[in-house]
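Please read it with the sequence and the coordinates open.

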Amino acid sequence: VCREPLPPGADKLFDEAYIKYRKVTRAVDRGGRGWGKLPRKVQEEMDAVHDLWEMAAEQAHAKSLFSLGILYKNGQGVAQDFTAAREWYEKAAAQGHADAQHSLGSLYENGQGVAQDLTAARAW
């Protein structure tokens with residue numbers, strides 16, 4: 001019988017990351033400098049958030065997939081990248097995540113990370 005502890009599940013990883021994300025968001029709001037150039041400690045926390053959500057995303061956790069899309073769309077702790085945001089949103093949308101579907105439609109509507117396509121925007 002294996003006595004090794006099981007790795008944390010996707011829900012637990014997501015929750016841990018979300019708590020850290022809220023702390024980082026408060027620190028950014030207090031700092032008043034925005035997300036462009038975070039202090040080293042805050043960036044390290046944001047890197048931990050990203051890593052935790054990626055681990056949960058590897059387990060096909062829709063909320064984590066969507067959250068990664070938000071990070072890339074808004075450039076929060078990572079370089080703003082609409083193409084990466086679209087890829088994360090697509091993975092979450094494929095699982096029926098409504099907010100990801102809406103966000104994906106917005107990317108198509110505005111031509112962010114994809115060629116502008118109002119038909120695809122309407123479909124999403």
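1. Arg 40 has a relative accessible area of 59%, so it counts as exposed. The model is a predicted one. The side chain of Arg 40 meets that of Glu 44 in a salt bridge, with an N to O distance of 3.0 Å. Both residues belong to helix H2, where they sit 4 residues apart, or about one turn of the helix. Glu 44 is partly exposed, at a relative accessible area of 42%.

2. How many salt bridges does a search of the whole structure find? The search gives 3. One of them joins Lys 20 to Glu 45, with the closest N and O atoms 3.7 Å apart. Lys 20 is in helix H1 and Glu 45 is in helix H2, so this pair ties together parts that are 25 residues apart in sequence. The cut-off for a salt bridge is 4 Å, so the 3.7 Å of this pair falls within it. Lys 20 is partly exposed, with a relative accessible area of 21%. Glu 45 is also partly exposed, at 32% relative accessibility.

3. A further salt bridge links the side chains of Glu 90 and Arg 86, at 3.2 Å from N to O. These two residues lie in helix H4, 4 residues apart, which is about one turn of the helix. Is Arg 86 buried or exposed? Its relative accessibility is 16%, and buried means under 20%, so Arg 86 counts as buried. Glu 90, at 28% relative accessibility, counts as partly exposed.

4. On the overall architecture, the protein has 6 helices and 0 strands. Read from the N terminus, the order of elements is α-α-α-α-α-α. The C-alpha trace spans about 50 × 45 × 15 Å along its principal axes. The protein has 124 residues, of which 40% count as buried. Among contacts with a separation of 6 or more, 45% come from residues 24 or more positions apart.

5. Helix H3 covers residues 62-74, which makes 13 residues. From first C-alpha to last it reaches 18 Å, close to the 18 Å expected at 1.5 Å a residue. Which residues of H3 are buried? They are Ala 62, Ser 64, Leu 65, Phe 66, Ser 67, Leu 68, Gly 69, Leu 71 and Tyr 72. The cover over these buried residues includes helix H1 (10-31), helix H2 (40-57), helix H4 (82-93) and helix H5 (98-110).

6. Ser 103 is located in helix H5. Leaving aside neighbours within four places in sequence, Ser 103 is in contact with Phe 66 and Tyr 89. Phe 66 is among the buried residues of H3. Ser 103 has a relative accessibility of 13%, under the 20% limit, and therefore counts as buried.

7. Ala 60 is found in the loop between H2 and H3. Its phi is positive, about 60 degrees, although Ala 60 is not a glycine. Ala 60 is partly exposed, with a relative accessible area of 43%. After H3 comes Gly 75, whose phi is also positive, near 65 degrees.

8. Asp 29 is a residue of helix H1. Its relative accessible area is 58%, and exposed means over 50%, so Asp 29 counts as exposed. How far apart are Asp 29 and Phe 66 in space, and what is their distance in sequence? The C-alpha atoms are 22 Å apart, and the two residues are separated by 37 residues in sequence. H1 is among the helices that cover the buried residues of H3, and Phe 66 is one of those buried residues.

Key:
Residues are numbered from 1 along each chain as its sequence is written. This is a predicted model: local features need pLDDT of at least 70, side-chain atom pairs count only at pLDDT 80 or more; totals for chains, interfaces and linings use all residues. Side-chain values use heavy atoms; hydrogens and water are left out. Buried means under 20% relative accessible area, exposed over 50%, partly exposed in between (1.4 Å probe, protein chains only). Contact means heavy atoms within 4.5 Å. The expected span of a helix is 1.5 Å times one less than its number of residues.
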